[in-house]
Amino acid sequence: VRTSSAFAAALQPEMAAAAAAVVLPERLQRREAKRQQDVEQQRQKKEAQVVKEERSEFFVAAFGREREAVEALLAAGTLEEAAARLQGLQKLLTESVRFLAPYEVRQGQEAVARLQGDLAARRQQLQPKKKFAFRSLKKEAAPGSEPRPAEPARPAAVAPSHGSAEGEPGGPPLCGFSGAQNEELELGPAELLQRDVVLSELRGCRVRLRGNANTLRVRDCRSCTVLCGPVSTSVLVDGCSDCLLVLACQQLRTHRTSDSRFYVQVTSRAIIEDCAKVSFAPYTWTYPGIERDFESSGLDRSKNNWNLVDDFNWLASDKPSPNWSLVPEQERIGCWD
């Protein structure tokens with residue numbers, strides 16, 4: 001018995017060493033597995049970066065070619081073809097946003113916006129030649145002064161004189177309202193059709209834009225509600241506060257705006273810059289004829305990136321921007337009338 005006890009006692013250190021020898025490889029195996037996992041993740045990240053760079057290079061080349069084609073068509077006065085190619089250019093940018101750097105998205109959107117402005121300007125240049133009905137001014141000047149006041153009534157239907165929007169310096173007059181306070185303002189399909197609309201310096205107003213505009217700019221508005229039908233191209237909101245904006249468009253850019261809510265139907269990612277306390281919800285406005293306006297605008301109703309927002313003042317990818325949020329579902333407005 002003593003011999004067996006002594007033998008067992010002698011074996012204990014060896015068994016403990018053997019157990020330690022078994023545990024050690026397990027730790028090493030886990031460590032090696034973790035190392036290999038990290039290596040694989042790094043490899044995948046590197047491959048993803050290479051693919052992203054290749055896609056970005058392809059986009060830059062394709063976008064450059066299409067932009068030059070649109071510029072050539074505008075210079076030649078082939079406006080319908082230019083408009084179609086410009087829509088294709090916008091679509092290319094929209095579909096590429098997910099792998100482009102923010103500055104590339106910004107440059108692309110600025111280029112598209114510039115071309116849209118050039119297209120609108122060319123249309124304005126060519127339009128008077130087609131409908132030179134303004135010669136009626138000369139007819140009415142001769143008989144007497146009574147018909148004279150009737151002429152300003154034409155633009156008044158598009159942009160009422162008490163609050164009409166003015167065009168860019170040196171540019172054509174634009175459709176819209178400016179400087180009104182605590183008023184109900186409205187434009188319909190005939191006034192809006194493919195027009196560039198400006199709302200500026202409004203205070204406490206409720207604006208309804210029923211129809212299909214080409215572009216919309218909302219500047220320096222306070223405590224206003226803007227209900228807008230489908231806009232074919234871009235919407236720019238700048239320097240606004242305490243507003244409710246219901247917008248449908250291809251591209252939404254918002255600058256220097258605070259304490260405002262957006263109900264949007266947007267086919268690309270919305271962009272904010274120098275904004276605070278802005279929130280987003282899906283587009284909920286409707287009116288008789290809105291489906292027809294969506295068809296004429298070319299917007300895809302099945303595609304809405306209302307909850308995808310790029311904040312150019314927030315570059316951290318691992319934390320959400322504190323400058324924007326989503327409107328809680330229970331707080332969203334469903335009926336606007």
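The model is predicted, so local features need pLDDT of at least 70 and side-chain atom pairs count only at pLDDT 80 or more, whereas totals for chains, interfaces and linings use all residues. Residues are numbered from 1 along each chain as its sequence is written, and side-chain values use heavy atoms, with hydrogens and water left out.

**Gln 250**
- Gln 250 lies in the loop between strands E8 (244-249) and E9 (251-255), where strands are DSSP runs of E with at least two residues, helices are runs of H or I with at least four, and both are numbered from the N terminus.
- Gln 250 is buried, with a relative accessible area of 9%; buried means under 20%, exposed over 50% and partly exposed in between, for a 1.4 Å probe and protein chains only.
- Not counting residues up to four places away in sequence, Gln 250 is in contact (heavy atoms within 4.5 Å) with residues including Gln 87, Val 231, Thr 267 and Leu 299.

**Helix H7**
- In helix H7 (residues 290-297), Ile 290, Asp 293, Phe 294 and Ser 297 are buried.
- These buried residues fall within an arc of 100° seen down the axis of H7, so they line one face of the helix; the arc is that of the directions from the helix axis to the C-beta atoms.
- Arg 292 and Glu 295, on the other side of H7, are exposed.
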